[in-house]
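Me: I should like to learn how to read the features of a structural model. Could we go through one together?

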Amino acid sequence: MPDGSPHQEDDSRGLLIFELSGGGYALPVTSVVEILPLIEPAAVPGWPEYAFGVFELRGDPVPLLDVRAALGRPARPPSPSQLVLVIEALGRRCGVVVDAVRGVASREVRQYEGIAPSEILGQSE
């Protein structure tokens, strides 16, 4: 039940389903600020391998990350067919490189716990 806390996320708008190295993943739609074509980031010396660099979005610096390693997927160099999900959490923005966006599931996030994204969209794996 909502408690009115400013840190509580509204999860009633559903999930954005995306693909990464052949796997399906999802984020709450409310976390996604925008979807962009792949952006060439400026390299930042000393940053970890999963950070491609930083790009500017309307005057603000945004780190561009490759979350494949965190998800147990093999590394892949950026390609023009990929997209950037600009997401916001805890007041901070970052760009996440994904292979494709598959759609939006419009029910409450809670209703999808434990269900594969391909099942949410009615696709077979």
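**Salt bridges and their surroundings**

Reply: Let us begin with a single side chain: E19 is partly exposed, with a relative accessible area of 24%. Please bear in mind throughout that this is a predicted model.

Me: With which residue does the side chain of E19 meet in a salt bridge?

Reply: A salt bridge is read from the distance between side-chain nitrogen and carboxyl oxygen, with a limit of 4 Å. Here the partner of E19 is R102, at 2.9 Å from N to O. E19 belongs to strand β1 (residues 15-20) and R102 to strand β8 (residues 100-105), so this pair ties together parts that lie 83 residues apart in sequence. R102 is itself partly exposed, its relative accessible area being 43%.

Me: How many salt bridges does the structure hold?

Reply: There are five salt bridges in the structure. Another of them brings together the side chains of R58 and E34, at 2.2 Å from N to O. This pair also links distant parts of the chain, since R58 sits in the loop between β4 and β5 (60-65) while E34 is in strand β3, 24 residues away.

Me: Is R58 buried or exposed, and is E34 buried or exposed?

Reply: The cut-offs needed here are under 20% for buried and over 50% for exposed. R58, at 63% relative accessibility, counts as exposed. E34 has a relative accessible area of 19% and is therefore buried.

Me: Which residue meets E88 in a salt bridge?

Reply: The side chain of E88 meets that of R93, at 3.0 Å from N to O. Both fall in the partly exposed class: E88 has a relative accessible area of 31%, and R93 one of 37%. Elsewhere, salt bridges with shared partners join D66, R68 and D99 into one network.

**The sheet**

Me: In what sense do β4 and β5 pair?

Reply: β4 and β5 are antiparallel and pair over six bridges. Within this pairing, L57 has D60 in β5 as its bridge partner. The hairpin of β4 and β5 has two residues between the strands, and R58 there takes a positive phi near 50°.

Me: Where does P48 lie?

Reply: P48 is found in the loop between β3 (32-37) and β4 (51-57). It is partly exposed, with a relative accessible area of 37%. The C-alpha atoms of P48 and L65 are 9.7 Å apart in space, and the two residues are 17 apart in sequence.

**Nonpolar cores**

Me: Which residues make up the largest nonpolar core?

Reply: A core is read from buried nonpolar residues whose side chains are joined to one another. The largest has 12 residues, among them L16, F18, L65, V96 and V98. β1, β6 (83-89) and β7 each supply at least two residues of this core. A second, separate core of eight residues includes L36, L57, V84 and V97.

Me: With which residues is V98 in contact?

Reply: Leaving aside neighbours within four places in sequence, V98 is in contact with F18, E19, L20, Q82, L83 and L85.

**Confidence**

Me: Where in the protein chain is confidence lowest, and where is it highest?

Reply: The mean is lowest in helix α1 (residues 117-120), at 51, and highest in β3, at 96. The protein chain as a whole averages a pLDDT of 80, with 74% of the residues scoring at least 70. Over residues 1-11 the pLDDT is below 50, and this stretch has nine contacts in the model beyond near neighbours in sequence. Over residues 120-125 the pLDDT is again below 50, with 11 such contacts. Where pLDDT is low, the predicted coordinates should not be read in detail.

Technical notes. Residues numbered from 1 in each chain as written. Heavy atoms only, no water. Helix = DSSP H or I, 4+ residues; strand = E, 2+ residues; numbered from the N terminus. Buried < 20%, exposed > 50% of the residue type's maximum accessible area, 1.4 Å probe, protein only. Core = buried A, V, L, I, M, F, W, Y, C linked by side-chain atoms within 4.5 Å. Contact = heavy atoms within 4.5 Å. Pairing = 2+ DSSP bridges. pLDDT = per-residue confidence, 0-100.
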